[in-house]
Amino acid sequence: MLDLFTFSIAAYDPAVGAFGVAVATARPAVGALVPFVSLSGAIATQAHVNTEIGQRGIALLEQDVPIGTALRSLLQDDTDRDIRQVHGVAAAGSFCHTGTNCVPWCGHHDGGDFTAAGNMLTGPRVVEAMVEAYQRAREEKRELSERLLLTVEAGQAAGGDKRGKQSAALLVASREPRGYHNLRVDDHPNPVSDLRRIYDLVVQHSLKIEREYGPEGLRLFSRVKF
């Protein structure tokens, strides 16, 4: 069991059928532990992390099990559910769980096609700022990865993890994958800022590939894993 107090956003873009998670924390390598995505859904597992919930949850979603049914059943079998925080989305629903013994401030927001959650935060304003940022980016019709990044940037600007900053990650599953859909900053004094730097760099690289090789070249060079 790993203690990973953090804040994250999980979201679904029905316009393109894409799912994604963005996350930041004051511990290293958050991208290796919290985000799980497929073309069937997105799940974030945090606080006292149980990666099996993410892995098994995605497997159940791919078998068309509703996300609420899938994650409730996994948590019901988890004796440490009171110290877990799990949230996520599928095409037909969403789910949030903040265990009663998670470290304050802790909480979540269920927005239907997106969920935001955090624990050991500087206060409730972190999640509130994330919700506002995601809703604004969605109204502006930003691409899903950009929405997620803007949301985690807003959470960091609002205070983020009360212990500080160390790592951040962005992971998206899309029928039109791009190199900037799978990015990690495992150890940095300002991980969210560095995630933005890398994101912008890879976006520009993708545009260069498309100019040089066309849409088919971009497709071939964009087969990122999720």
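Is Arg163 buried or exposed, or does it fall in between? Arg163 is partly exposed, with a relative accessible area of 30% (buried means under 20% relative accessible area, exposed over 50%, partly exposed in between, with a 1.4 Å probe and protein chains only).

Before the points, a word on the basis: this is a predicted model, where local features need pLDDT of at least 70, side-chain atom pairs count only at pLDDT 80 or more, and totals for chains, interfaces and linings use all residues. Residues are numbered from 1 along each chain as its sequence is written, and side-chain values use heavy atoms, with hydrogens and water left out.

1. Salt bridges. The structure holds 15 salt bridges (a side-chain nitrogen of Lys or Arg within 4 Å of a carboxyl oxygen of Asp or Glu). Arg163 takes part in one of them with Asp161, their closest N and O atoms being 2.5 Å apart. Asp161 is buried, at 3% relative accessible area. In another, Asp186 meets Arg184 with the closest N and O atoms 3.0 Å apart; Asp186 is partly exposed at 31% relative accessibility, and Arg184 is partly exposed at 39%.

2. Glu153 and Arg196 form a salt bridge with 2.8 Å between the closest N and O atoms. Glu153 lies in helix H4 (residues 144-157) and Arg196 in helix H5, so the pair ties together parts that are 43 residues apart in sequence. (Helices, H or I with at least four residues, and strands, E with at least two, are DSSP runs numbered from the N terminus.) Arg196 is buried at 16% relative accessible area, while Glu153 counts as partly exposed at 23%.

3. Aromatic pairs. There are 4 aromatic pairs in the structure (rings of Phe, Tyr and Trp, the last by its six-membered ring, with centres within 6.5 Å; planes under 30 degrees apart count as stacked, over 60 as edge-to-face and the rest as tilted). One of them is edge-to-face: Tyr180 and Tyr199, at 5.4 Å centre to centre with 70 degrees between the planes. Tyr180 sits in the loop between strand E10 (167-173) and strand E11 (182-185) and Tyr199 in helix H5 (residues 191-220), so this pair ties together parts 19 residues apart in sequence. Tyr180 and Tyr199 are both buried.

4. An exposed pair. Tyr213 and Phe221 form a tilted aromatic pair, 5.6 Å centre to centre and 45 degrees between the planes. Both Tyr213 and Phe221 are exposed, and Tyr213 is found in helix H5.

5. The open sheet. Six strands follow the order E8-E9-E2-E3-E10-E11 in an open sheet with antiparallel pairing (two strands pair if DSSP finds at least two bridges between them). Strand E8 (107-110) and E11 stand at the edges with a single partner strand each, so one side of each has no neighbour in the sheet. Within the sheet, strand E3 (residues 18-25) is joined to E10 by 7 bridges, and Ala24 stands opposite Ala168 in E10.

6. Strand E6. I would also look at strand E6 (residues 84-90), where 7 of its 7 residues are buried. Arg84, Val86, Gly88 and Ala90 point one way, and Gln85, His87 and Val89 the other. Strand E5 (residues 41-49) pairs with E6 in the antiparallel sense over 7 bridges, with Ala42 opposite Val89. E6 also pairs antiparallel with strand E7 (residues 93-98) over 6 bridges, and E6 and E7 form a hairpin with 2 residues between them.
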